[in-house]
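Good morning, and thank you for joining this group meeting. Please look at the sequence and the structure on the screen, and I shall guide you through some of the contacts.

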Amino acid sequence: MRLMVPLLILLICSTIQVSGVFEWRVIGKVTEYGQNVTLLCIVPNCCPKDSGWDRWTPHQRTLFIDVKSGHSNKKYDGKVAKDGFTLIIQNLTKEDLNVSYSCLYGVTLGERKLLLEEDVFTCK
């Protein structure tokens, strides 16, 4: 019994990756606030595993889990794409910017990346 707890911890740590190779990029830019911005998490051969997004603020972390299920809310939506999966930030506000987002695929959490104003807006 005494060896079971360390063995269990070792098994869990070897199975779950804390930070992975998954990265996201903005694919749907906007011209003004109030429009929808789309982020794409790049995952080859997507998406047999659960997929979701994290928003890293003190108040809210998990945004959207399992984009395949189609569950969304007024602020966030997501879809499976041929080369990954998306997060659609609806009705973009200033509070959505200068915040780190990361995508989650299976048990692998991607790198935290800051969503900046210059990444979101396109010239008119």
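I begin with K75 and D96, whose side chains meet in a salt bridge at 2.7 Å, N to O. K75 lies in the loop between β4 (62–65) and β5 (76–77), and D96 in the loop between β7 and β8 (99–105), so this pair ties together parts that are 21 residues apart in sequence. A salt bridge here is a side-chain nitrogen of Lys or Arg within 4 Å of a carboxyl oxygen of Asp or Glu. Helices (H or I, at least four residues) and strands (E, at least two) are DSSP runs, numbered from the N terminus.

This is a predicted model: local features need pLDDT of at least 70, side-chain atom pairs count only at pLDDT 80 or more, and totals for chains, interfaces and linings use all residues. Residues are numbered from 1 along each chain as its sequence is written, and side-chain values use heavy atoms, with hydrogens and water left out.

Buried means under 20% relative accessible area, exposed over 50%, and partly exposed in between (1.4 Å probe, protein chains only).

The structure holds two salt bridges. In the one between D77 and K79, the closest N and O atoms are 3.3 Å apart.

I turn now to strand β2, residues 37–42, where five of six residues are buried. Strands pair if DSSP finds at least two bridges between them. Antiparallel to β2 runs β1 (residues 24–28), joined by four bridges; β7 (residues 84–89) is also antiparallel to β2, with six bridges.
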